Each structure stands twice: as C-alpha cells, then as structure tokens.
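This report describes one protein chain and its contact with a partner chain. Please keep the sequence and the structure in view while reading.

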Amino acid sequence: MSAIDIPAEFAAVHDREWDRLSRPGTWLTGAERVAVAAAARGAAPSCAAERAAAVISTAPATITRDWFDALLADGLSIEQYVEVLGIVSRLRAVDTTRFGLGHFPRPLPEPTAGDPTPITTDAVIDGSWIPTIGAAFPPTILSAVPPENEAMFDVHSVLYLAPDGNQDGPSMGNMSAIRDGLNRSQMEFVAARTSLLNDCFF
Amino acid sequence: MLRASAKHHGEDVNLLGVGDEHLDVGLPGGRVLSALTEAAVLRDSDEMERARTQAIDVLGVDTAARAIQVAGNFEMMNRLLDAVGVGPPDGLLGVGDLIGVPLPDRHH
C-alpha cells in the first residue's frame, strides 16, 4: 500500500512551523533553533540546549528534576528551555505524522539571520518546574514564551482539536466532535494509546 | 478524556484495551487504531505499512490520516508534560486501575 497523500491542512501547518523554526525566536537565534531541531533528530549535541532537545525528543519519560537542574547549571536559562521544548515537541508532532502517513521527514529549513526578540511575562512557578501564566497544565506549559504557546495551539488545532471550550466545531469542548470520520472517542483512544506508549501518564 | 467521551456518548468501552493491545477497546476500528498508533509512535517502518493498509481498509483513507495526526499531536503534548514535571492530577491516579497500568505519582 502506498503512502497517504499529505492532507492540505497539515501541509499548511507544516509550512508555518518551518517558517517559525527558521526565524529568530524569543530567546534563541534562527540558527540555534534549527540546531536544536537537528539534535532532536539525532545530530550530535554541542550545547545544553541541544542536549535537552535530544532527550526531550527520544526519552521524555526519563526526564527528572535533577536532569533539568543540571541543564540550568550548565547555562541554559529557563526561558530558553521552554523555547527548546516548544520546538522539539512540535517537531515530533510533524515528524511522527509524516512517518505515519508514509513520508520521509522534511529536511530542516535554512535559518534566517537576526537576533531573538525577548519577551518578559508575569509567569510564575505553579505546579511544574517552569514558570507558567496560570497553573501548569497542557494549555499553559509554554506560556512563559508566548510565541511558543501560540505555535503549540496552531499545531494542536490542526492535528487534533482546538484547545478551547467551544462546544461546536473542532474544539476540545465539543464532546461530539468528528474530524474526517474519526469520532471523539476514537480520537481519545488514539491519544490514550500514544500517551501510554510514551509512558506519559497525565 | 476517553472515559469522559465514552460516558458522554453512552458507549460501552473497555478501558483495559488502552493498556493491552490484545484487548478490544470496543470502539469501531479499535484494533486497527491501536496498531496504527503503536507503529507511528514507535516508528516501526515495517509495521507502519501493514497498520496503515489495515486502517485504510477498515476506516477509509481520510479517517486513517486523521488518526495519525491525532497520534502526532499527542507526541507533542506528552513531551510538554513530561519535560516539566507535570504528572497525573491526584484525582486521576485511580484511572491506572481502569486501564490496567499503575500510574506513577510524580508530585511526590
């Protein structure tokens, strides 16, 4: 059986993700962001951000507080860690999707020159190791670096459901949501199996 | 969320099918969704081809593609949670018994 054609909506979000990845971010340059993505795909890491990327991508269930603290001691800021986490988690989403559909990973983009644009927020520690705006739960994990959180919402909305409480349309608040023939319970079964296979028990 | 969705729709779901691939969760296409998800998440190239073909046969190409995208989404969400020390809410630790997999209490 041949591969499944790339769905148009997925192709579009992948284009947006590659554009985000290539450009200077909030705390990392475009070159640093692309290098983080390369490390997540198996390139030899050469700094704390890239070491973080490799583990987040391939062995997230092994991550401990001590490992996290060691990265900070090695010079990685918490905000940089949040940015790395955003990049790697979205990369994993698009790479797994392409693999599942039967396509090779898309080559990483060429980085765009320029400096990061730092953004300071009122995020505080509230239920996790990193500061968040509001208690730490899925929609707030990346909130200390707003562009990363917005990017996560973008990918989440295209691949699964919009992370909001709307009771109509493709939103998490709609318990009767159906996308491309996949009903909500089937979606949640796939979600639960994925989480179990990743040893993630939220 | 699976439990909540099944309750909302009055579906008789066997949650042990989440933890044991050999058990039927009781949803349409449950077995092929399980195999499709496992092959994608574990990046098993040989199994992926077979699982994708079965999923297309049983569910149709668009539904199979959507299931793969949902798995991709949770690859992202799992990393967000595991990388910052967020574990299951205390009130949900009992769900482990329902799916046949003890849940670790990462809060303590």
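## The interface between the chains

Together, chain B and chain A bury about 6000 Å², and 68% of that area lies on carbon and sulfur atoms. The model is a predicted one, and in it the contact draws 67 residues from chain B and 66 residues from chain A.

Polar interactions also cross this interface: 18 residue pairs are found in polar contact, counting pairs in which both residues are at pLDDT 80 or more, and the number of salt bridges between chain B and chain A is four. In one salt bridge, Glu38(B) pairs with Arg193(A), and their closest N and O atoms are 2.8 Å apart.

## What chain B brings to the contact

On the side of chain B that touches chain A, at least two residues come from each of helix H1 (2-9), helix H2 (16-19), helix H3 (30-41), helix H4 (45-59) and helix H5 (61-82). The largest share of that side, 22 residues, is supplied by H5(B). Sorted by class, the side of chain B that touches chain A holds 37 nonpolar, 17 polar and 13 charged residues.

## Chain B as a whole

Chain B contains six helices and zero strands, which follow one another along the sequence in the pattern α-α-α-α-α-α. Of the 108 residues in chain B, 52% are buried, while the accessible surface of the chain comes to about 4700 Å², with 52% of that surface belonging to carbon and sulfur atoms. Among the contacts within chain B that link residues at least 6 apart in sequence, 33% join residues at least 24 apart.

Terms used:
Residues are numbered from 1 along each chain as its sequence is written. Chains are lettered from A and ligands numbered from 1 in the order in which they are written. This is a predicted model: local features need pLDDT of at least 70, side-chain atom pairs count only at pLDDT 80 or more; totals for chains, interfaces and linings use all residues. Side-chain values use heavy atoms; hydrogens and water are left out. Helices (H or I, at least four residues) and strands (E, at least two) are DSSP runs, numbered from the N terminus. Buried means under 20% relative accessible area, exposed over 50%, partly exposed in between (1.4 Å probe, protein chains only). Contact means heavy atoms within 4.5 Å. Accessible areas come from the Shrake-Rupley method with a 1.4 Å probe; for residues, only the protein chains shown count as cover. Buried area is the accessible area (1.4 Å probe) that two parts lose on being put together, summed over both. A salt bridge is a side-chain nitrogen of Lys or Arg within 4 Å of a carboxyl oxygen of Asp or Glu. A polar contact is a pair of N or O atoms within 3.5 Å; within protein, one must be able to donate a hydrogen and the other to accept it, and residues adjacent in sequence count only if both atoms are side-chain atoms. Ala, Val, Leu, Ile, Met, Phe, Trp, Tyr, Cys and Pro count as nonpolar, Asp, Glu, Lys and Arg as charged, and the others, Gly among them, as polar.
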